[in-house]
Amino acid sequence: MNKYQYLLSSFGKRLKGQPSYCPHCKQPEAQGRSVDTKYTVTRLIECTNCHLLYRTPADSVQEAHAFYQEEYEQGYTTGMPDDATLKQLLSAGFSNTERDYSRYVALMDALKVPRSAKVLDFGCSWGYGTYQFQQAGYAATGFEISQPRCKYAADKLGVDAHHRYEDLGSGYQVFFSSHVLEHVDSIADVWNLARRVLAPGGFFIGYTPNGSEAYRQANFRGFHLSWGLKHPNLLQDRFVEKLADGLPALVSSTPHALDAIAGWDQKSTVRLDTSGWELLLIIRK
Ligand SMILES: [Zn+2]
C-alpha cells in the first residue's frame, strides 16, 4: 500500500462511518481525545482510559497482516542484505550503523541482567539484533512474524529464530523489542505473551517512538512525524505506567541516563525524562 492508497482506504473507512475503538482497551473513539491530524482524514486519538495514542481509521487485522508479509519495506530494518553486504556488516560488528545493538546491551548491563541470560528479541526482522545479543553472551532467541526474514535470520546468521508464538518456550529473563510495539495490531497480545514467557523478575523492555506529553511539548514536529501509515500506535509514559498495573516500571526516553537506570530499585515505578524522541519502557514481572 502506498501513501495514496492509504489515504483512499482511510477516506473510504471514514465515509462508511465504521465504529472505531482504542486497539488496546476498546474504549470507543468518541470518548478519546484528538491530539493531531494528518491529510484531513487520519487522526491521532489519545485513549482517555489506557492513554494509548492510536491512528484512526485503523487497519483491519487482515490488512495489517498482508502489509507485514508483503508490503512493509523500511530500508535497512527489513531489507535483507546480500551476502557481500552481510559479510561487511558482520566483520564490522554492525558498528557505526543504526542496527548497532551495543546500546541495548549497555542498558541490560545497567539493569544487572547477566550476560548469560535468556533473551527474546521480539520482532527480530532478519536477525541482526538477535545475532548481536548472542555475540554479547546471552542465550538469545528471535521472533519474527515475516517468514522470509525469520528464515534469513536462521540460515544466514545462524540464530535461533521462530515465527510462531508456540515455538518460543519460556523462562526468559528479558523480553526485548526495538521499534515493534508501534506496529502491532494488539499490544495486549504482545504483553500477554511477554508475561507468559518471562521468568519471575524478568524484564519487558521496549523502545518505540515517543508520544509522551513532554516530547509533544519539546518537539511537536518530531511528534507529528512519528505516527501514521507505518505506526498505527504511539506509546507514551502514561500508557506504560497503566499497562504495568502495579508491577515495577521505569519509563524514560533517549538519550537516557544509564546511571539513573542502574540506580533504580526495580521495585518501584519511576518516570525519568520523557522529552526525547524515543520512548524507553521497562516493566519488571
Ligand atoms: Zn485504550
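Eleven helices and twelve strands make up this protein, where helices (H or I, at least four residues) and strands (E, at least two) are DSSP runs numbered from the N terminus. The model is predicted: local features need pLDDT of at least 70, side-chain atom pairs count only at pLDDT 80 or more, and totals for chains, interfaces and linings use all residues. Residue numbers start from 1 along each chain as its sequence is written.

Let's take the overall picture next. Of the 285 residues, 41% count as buried, that is, 20 or more other C-beta atoms lie within 10 Å of a residue's own, with C-beta atoms placed from the backbone. Among contacts (C-beta atoms within 7 Å) between residues at least 6 apart in sequence, 61% join residues at least 24 apart.

Now to a sheet. Four strands form an open sheet in the order β1-β2-β3-β9, with antiparallel pairing; two strands pair if DSSP finds at least two bridges between them. Because β1 (33-38) and β9 (233-234) stand at the edges with a single partner strand each, one side of each has no neighbour in the sheet. Between β1 and the antiparallel β2 (residues 42-46) there are five bridges, and D36 stands opposite L44 in β2.

Finally, have a look at helix α4 (residues 102-110), where Y104, L107 and M108 are buried. Seen down the axis of α4, its buried residues fall within an arc of 95° (taken from the directions from the helix axis to the C-beta atoms), so they line one face of the helix. An α-helix has 3.6 residues a turn, so residues three or four places apart point the same way. The cover over the buried residues of α4 includes β7 (172-178) and α11 (258-262). After α4 comes K112, with a positive phi near 60°.

Terms used: Buried ≥ 20, exposed ≤ 12 C-beta atoms within 10 Å, placed from the backbone. Contact = placed C-beta atoms within 7 Å.
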